[in-house]
Amino acid sequence: MDRVVKLASQKAVVIFSKSSCCMCHAIKRLFYEQGVSPAIYELDEDARGKEMEWALMRLGCNPSVPAVFIGGKFIGSANTIMTLQLNGSLKNLLKNAGAIWL
């Protein structure tokens, strides 16, 4: 749990992902298209990935990936991020975290 929290606070946007997950790919793409350069941790490529996946589930992320943190705070998974994008509030979260300046 401590490792997830530490990694999540090191950059304005952090995404915990799996390289084979199509929703993870879509969420990463969404952030890239907005000019955000998130820190991405591929759990299936990390030696401690399973441990981090369990920590994410304990934080309430179900499914465990994609798990998006903005400004060090757990925001949610794909459904939450897409909802925020559609209602226009994702951009404000990104601005407030210093991930974008526009």
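**Contacts, fold and cysteines**

Colleague: Leaving aside neighbours within four places in sequence, which residues is Glu 53 in contact with?
Modeller: This is a predicted model, in which local features need pLDDT of at least 70 and side-chain atom pairs count only at pLDDT 80 or more, while totals for chains, interfaces and linings use all residues. Residues are numbered from 1 along each chain as its sequence is written, and side-chain values use heavy atoms, with hydrogens and water left out. If contact is taken as heavy atoms within 4.5 Å, and neighbours within four places in sequence are left aside, the partners of Glu 53 are Lys 18, Leu 43 and Ser 64.

Colleague: Is Glu 53 buried or exposed?
Modeller: Glu 53 belongs to helix 3, residues 49–58, where helices are DSSP runs of H or I with at least four residues and strands are E runs of at least two, numbered from the N terminus. Buried means under 20% relative accessible area, exposed means over 50%, and partly exposed lies in between, with a 1.4 Å probe and protein chains only. Because its relative accessible area is 10%, Glu 53 counts as buried.

Colleague: In what order do the elements of the chain run?
Modeller: The chain has five helices and four strands. Read from the N terminus on, their order is α-β-α-β-α-β-β-α-α.

Colleague: What is the radius of gyration of the chain?
Modeller: This quantity is taken over C-alpha atoms, and the globule rule is 2.2 Å times the number of residues to the power 0.38. For 102 residues the rule gives 13 Å, and the chain comes close to that, so it is as compact as a globular protein of that length, with a radius of gyration of 12 Å.

Colleague: What share of the 102 residues in the chain is buried?
Modeller: Among contacts with a separation of 6 or more, 61% join residues 24 or more positions apart. The buried share of the 102 residues is 43%.

Colleague: How many disulfides does a search of the whole structure find?
Modeller: A disulfide is counted when a pair of cysteine sulfur atoms lies within 2.5 Å. For Cys 22, which is exposed at 61% relative accessibility, the closest cysteine sulfur is that of Cys 21 at 5.6 Å, which is too far for a bond. Cys 24, by contrast, is buried at 0%. Over the whole structure, the number of disulfides found is zero.

Colleague: Which residue does a cis peptide bond join to Val 65?
Modeller: Most residues other than glycine have a negative phi, and most peptide bonds are trans. In the loop between helix 3 and strand 3 (67–70), where Pro 63 is found, a cis peptide bond with omega of about 5° joins Asn 62 and Pro 63. Another cis bond, with omega of about -5°, joins Val 65 to Pro 66.

Colleague: How far apart in space are Phe 69 and Ile 15, C-alpha to C-alpha?
Modeller: Phe 69 lies in strand 3 and is buried, with a relative accessible area of 4%. Beyond four places in sequence, its contacts include Val 14, Phe 16, Leu 56 and Phe 74. Although Phe 69 and Ile 15 are 54 residues apart in sequence, their C-alpha atoms are separated by 6.4 Å.

Colleague: Which residues does Asp 44 touch, not counting those up to four places away in sequence?
Modeller: Asp 44 sits in the loop between strand 2 (39–42) and helix 3, and at 40% relative accessibility it counts as partly exposed. With residues up to four places away not counted, Asp 44 touches Ser 17, Lys 18, Ser 19 and Ser 20.
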